[in-house]
Amino acid sequence: MDTTLRDGEQTQGVAFTPMEKVSIAKALLQSLRVDRIEVASARVSEGEKEAVTHINQWAEQEGFADRVEVLGFVDHTRSVDWIKSTGGKVINLLAKGSEKHCREQLGKTLDQHSADVLQTIAYAHEQGLKINIYLEDWSNGYKDSPDYVYGMMDRLKSSHVSHFMLPDTLGVMSPYEVLSSLGDMCQRYPELQFDFHPHNDYGLATANVMAAVQAGVSAVHCTINCLGERAGNASLAEVAVVLRDKMNMQLSIDESHLVRISNMVENFSGKRIAANAPVVGADVFTQTAGIHADGDQKGGLYKTRLGPERFSRTRSYALGKMSGKASLKKNLEQLELDLSEDDQKKVLARIVSLGDSKQTITTDDLPFIIADVLESKNYQHIKLLDCSINSGLKLQSTVSMRVDVKGDKHQATGAGSGGFDAFIDGISKVLDKYGYTLPLLTDYEIRIPKGGHADALTECVITWDCGNELRKTRGVHVNQVYAAILAAIKLINIQLHEMSTVPLERTQ
């Protein structure tokens, strides 16, 4: 049972609009094919009522009416009437599952509270609703006051409740405790259907689901992207694959839609999921180490049942300082590019170098690097040893640099209207000593890969007026100013090389 639209909406800062709720509900039931969804709490707001009404109208048309559930309260007629007015068929009644909650929050005894519960149940039956019951704070109640839990169950077990839903409301249980306590409940009341509703405060929600299934529960509760109060609920994606792969369970879930619905909920909720979140995270099917790419190439040595194709995804091989030849080859195959062994070595060397300043280089970055490397000559007449640029909103940019010209070290400073302008001012002071003047810049183009992020590689292509011809040079760097600087250094090296037939001497 998915409770993204009810318990998941109790995540701090999350409030779905009515149409967002309808879209998520349709995706959960029709595409992902979950068995049941809990979509709201009764009597919350008019917007909530509008959303639930739309969901129920759609569900009725599609044959899902009895699979849409709404949380209701022990208030005799009010929650039932609210749910009934939306076209709802199922109430999930919230009762107290611990003696402490019953005594301190309600100020009632077990007999008083159970009488109120039975009164609401009777009215819900009169209105034709199917009834499930949450025993709120059951995990603490079972541990601290088991007689209260048994007493509540004994009073309710003959009231035609479809599911008794046992929550670990504060996420305090371990798998051993879940197995022991739920096993006792299932054995003590074998004729009843139990659900387990975990929370993830100790990071044990998925493991606790496994223990609950082993104990004999009929259903487990999850949310998309672990949404829920505090540390959230159990992740539906994690639970689905674990139950299939580790417990050989037959599920209705269509795993090919997990990532799409995860993205939908991420966008609607505004809560971003971690890149390394199991199954749905952006990076979980990316191999970073070159040895892993090599192993996959030689026989799928690092593949498991959690293959990306299972979730309508593809495997990728990250490029960076950990890359090897196999990682590069996998990316070249994806781009349908063929480079010689020598060129591959050059490109890989550049990737490893860039990896020190950019954690991950994408396949989209690769054409920039290849173009830059293959057109580069190994001219080292001038080397940029270090460079620091300072820029301000209303201040002139300044640069401090160290360069090597033919083995001679120089320090220089410069200033200008931007970082690149300041660099040109500073480098020109050094090159003046050698009788070299940078040609005029006639065009300056900055690009990042299509769909690139803020940390994407930047390609700068500069067109220079070299008198009788226009020349273009390219620089590639994660910082666009340094990409331009590398393009300028490249031109200087080319022209100094062409001048090398005439001895390059420093003037006094």
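**Values and definitions**

User: Why is F420 called buried?

Analyst: F420 has a relative accessible area of 12%. Buried means under 20%, exposed means over 50%, and partly exposed lies in between (1.4 Å probe, protein chains only). F420 is therefore buried. This is a predicted model, in which local features need pLDDT of at least 70 and side-chain atom pairs count only at pLDDT 80 or more, while totals for chains, interfaces and linings use all residues. Residues are numbered from 1 along each chain as its sequence is written, and side-chain values use heavy atoms, with hydrogens and water left out.

User: Is Y444 buried, partly exposed or exposed?

Analyst: The relative accessible area of Y444 is 33%, so Y444 is partly exposed.

User: What makes W138 and Y142 an aromatic pair, and what kind of pair is it?

Analyst: The structure holds five aromatic pairs. In this one the centres are 5.7 Å apart and the planes are at 40°. Rings of Phe, Tyr and Trp (its six-membered ring) pair if their centres lie within 6.5 Å; planes under 30 degrees apart count as stacked, over 60 as edge-to-face and the rest as tilted. The pair of W138 and Y142 is tilted. Both residues are buried, and both lie in helix 6, four residues apart, about one turn of the helix. Helices (H or I, at least four residues) and strands (E, at least two) are DSSP runs, numbered from the N terminus.

User: Why is the pair of F420 and Y444 called tilted?

Analyst: The planes of F420 and Y444 stand at 50° and the ring centres are 5.6 Å apart, so this pair is tilted. Because F420 belongs to helix 16 and Y444 to strand 13, the pair ties together parts that are 24 residues apart in sequence.

User: How do you know that S181 is buried?

Analyst: S181 has a relative accessible area of 3%, so it counts as buried. S181 is located in helix 8 (residues 175-188). Leaving out residues up to four places away in sequence, S181 touches W138, Y142 and M173; contact means heavy atoms within 4.5 Å.

User: What makes the length of helix 8 agree with expectation?

Analyst: The expected span of a helix is 1.5 Å times one less than its number of residues. For the 14 residues of helix 8 this should give 20 Å, and the end C-alpha atoms are 20 Å apart, which agrees.

User: Why does S31 count as buried, and which side chain does S31 join by a polar contact?

Analyst: S31 has 18% relative accessibility and therefore counts as buried. S31 lies in helix 1 (residues 18-31). A polar contact of 3.0 Å joins its side chain to that of R260. Such a contact is a pair of N or O atoms within 3.5 Å; within protein, one must be able to donate a hydrogen and the other to accept it, and residues adjacent in sequence count only if both atoms are side-chain atoms.

User: How do you know that strand 14 and strand 15 pair?

Analyst: Two strands pair if DSSP finds at least two bridges between them. Eight bridges join strand 14 (residues 458-465) to strand 15, and the two run antiparallel. In this region, C460 stands opposite G475 in strand 15.
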